[in-house]
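Q: Could you take me slowly through the way side chains meet inside this model, looking closely at rings that pair and at charges that pair?

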Amino acid sequence: MSDRLDADILITGAKIFNNGDDAVIEDLAIGNGVILARGNLAGKVDAKTIIDGSGSWLMPGLFDIHTHYDLELEVAPDLPESTRHGTTTVVIANCSLGLAFGNQRDGENDPIVSCYARVENIPKHVLSSCADKVNWSTPKEYLDHLESLDLGPNVIPLLPHSMLRIDAMGFKESISRDPTEVELRSMQETLAQAIDDGYAGFSTDALPFHYLAEQPHVEKTIPTQFAKYSELKALTKVLREKDALWQATPPKDSILGTLKTFLLTSGRLHGKALKTTVVAAMDFAHNKRLSKSAVTLAKLMNSSLVKGKFYMQALGAPFKVWSDGAITPLAEEIPELRLLNETDLEDREARLKILNSPDFTEAFRKMWMTGKTGFNLARLRRILKAEDFALDRDLRSMFIERCPVKSWEGDSFQAVLDKLLSYQGGSLQGLAVDEIDAFDGDFAWVKDEADLILQMLRSFDTELTWNTTTANRDPKRVRELIMDPILLPGFNDSGAHLTNMAFYDVNLRSLKLAAQGGDADVSYMVKRLTKDPADIFGVKAGTIYVGDAADLILIDPDKLMAHDGEACVQRRYREEFNHEQLVNRPEGVVTSVVIGGKLAWQNDEPTEFLGKEAFGRLLKRAS
């Protein structure tokens, strides 16, 4: 009679990082979806698949705590751009947006299209095709639907406030007034039932540049933005009583508003602390005080004075954003650029009409040059790096990626302006033919940087793709933020901004930064990317002890340390979307991904059944 253990997968000789424990080299056996054994298993296990883990790091699968994968789950539930990076659990329905109430169409309004298109920069045809397939209308039915999908990663759902408001009040009313007492009580009851059904928490949004995309409402923000403090207090009271989580964003332009809102976390003021996670602590180039303010806010909220449970998220990478002409999330906080974003993506004629308007030209020039000339308060704020906009309007940090004038690709806008002014001064040195043609043609009138930007948008519209890094330019400061125990690594925005961002590998970048401090710091970061978010979101996951669900990954540490996240960004056409997308695909960093005890990725390739059968599971809030 054999006492050998039968297993599906045996991983041998890997360095295991788990839950902040000291790293240890062990074997690990997997069967029936769980960890069967750990230790020296030589000669003790019969396994269908054996993976040599020598020289590799083995750790629980990573969490992505801020995604907008709600739509992609409907067309590609394996979520390949995340699972390839070792992400085995994703949190959906962030920023008050989601599918918990179905498509909520009322014959006149299409809330999914209107709410998502500008906020998350997802093309309307992608959103509309997903909404067409929706066949549920309640939060409970949505959970049942998620459980029916062939999930790649595990999914943690939040209940989205904008959609809750629409459900209780109707679309038009949700963006025009306060709820009645009956409507507010209905929202509380719906939220309470959703938490009891397994939703991990509730998401709201207060960033003042999240606008609707459908006429006649393009000048209005999404429904959650119309909620006053009293409404938030009433709804978060439900969460507090049930120990569920509130995911939020700060009312960016109001210090007092931010403080008042987030004091809802306070156990001292409200009798019991409310778990609160907030986007995001970043080191903005235009305003160096913001990251320090975020850390200070988090310390205050978690102090013995306030007694909160407050987790400010931090991005472990440069905040690099791509833009197609004026179509970019960075434009929404600047009124002159926002006007261009109110047009449909395909409506170049409408944008050109705006750009050629004398009134718009004057307003644009005034905006663009504010703080750049003379000596005044705006100039002083720019010198002191204390401006409000995320876009710093610095041509030296704005780089052209795609452009009909091919010679400009790779140049900064400043380099183009310098060449133009030099040409106008009589110099032909180093200029290509297509540059000279442009300088003699559309750009002949340009005299300064505001003129240049205007003409770029007029001449090329979305044929011009450019990028800028507005925050987290200093890797040392980024490491300080993600290693700070008062913050939480996150805010990847996966699944949103299809042509604007590519942060799918940010967990790996956080691990790389942590590894500068050796195994102890790697162990610390692994816990912050696994068990810590599992505890905060209230789900049973994030560790790989015997008996735990087998969600785990293997990483090649040498490839990780050589990984350059910026260099791996690619623009790929996704058949699922009928649209291109920015993705990030390092090679050889994550060598194996196991989800639900099944091998999902190996050697940069998905295994045969990923996307064809369920690997991950719906992770409900532990009661």
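A: Two rings of Phe, Tyr or Trp (its six-membered ring) form a pair when their centres lie within 6.5 Å, and the pair is stacked if the planes are under 30 degrees apart, edge-to-face if over 60, and tilted otherwise. The model is predicted, with local features requiring pLDDT of at least 70 and side-chain atom pairs pLDDT 80 or more, while totals for chains, interfaces and linings use all residues. Residues are numbered from 1 along each chain as its sequence is written, and side-chain values use heavy atoms, leaving out hydrogens and water.

With that rule for rings, the count comes to 14 aromatic pairs. One of them joins Trp246 to Phe262, a tilted pair whose centres lie 6.0 Å apart and whose planes make an angle of 55 degrees. This pair links distant parts of the chain, because Trp246 belongs to strand β10 (residues 245–248) and Phe262 to helix α9 (residues 255–262), 16 residues apart, where helices (H or I, at least four residues) and strands (E, at least two) are DSSP runs numbered from the N terminus. Trp246 has a relative accessibility of 1%, so Trp246 counts as buried, and Phe262 is buried too, with a relative accessible area of 0%; buried means under 20%, exposed over 50%, and partly exposed in between (1.4 Å probe, protein chains only). Elsewhere, ring pairs connect Trp408, Tyr423, Phe439, Phe443 and Phe460 into a cluster.

Arg165 is in helix α5 (residues 161–169), whereas Glu231 is in helix α8 (residues 229–242), so their contact ties together parts of the chain that are 66 residues apart in sequence. Both Arg165 and Glu231 are buried.

Another bridge brings together the side chains of Arg351 and Asp461, also at 2.8 Å from N to O. Here, too, the pair links distant parts of the chain, with Arg351 in helix α13 (residues 348–355) and Asp461 in the loop between α18 (449–460) and β15 (465–471), 110 residues apart. Arg351 counts as buried because its relative accessibility is 2%, and Asp461, with a relative accessible area of 6%, is likewise buried.

The side chains of Arg479 and Asp521 give a further example, meeting in a salt bridge of 2.8 Å, N to O. Arg479 lies in helix α19 (residues 475–483) and Asp521 in helix α21 (residues 519–529), and the pair links these distant parts of the chain, which are 42 residues apart. Asp521 counts as partly exposed, because its relative accessibility is 21%.

Salt bridges can also be followed through several side chains here, since Lys320, Asp505, Arg509 and Glu566 are linked in a network of salt bridges.

Methods. Salt bridge = Lys/Arg side-chain N within 4 Å of Asp/Glu carboxyl O.
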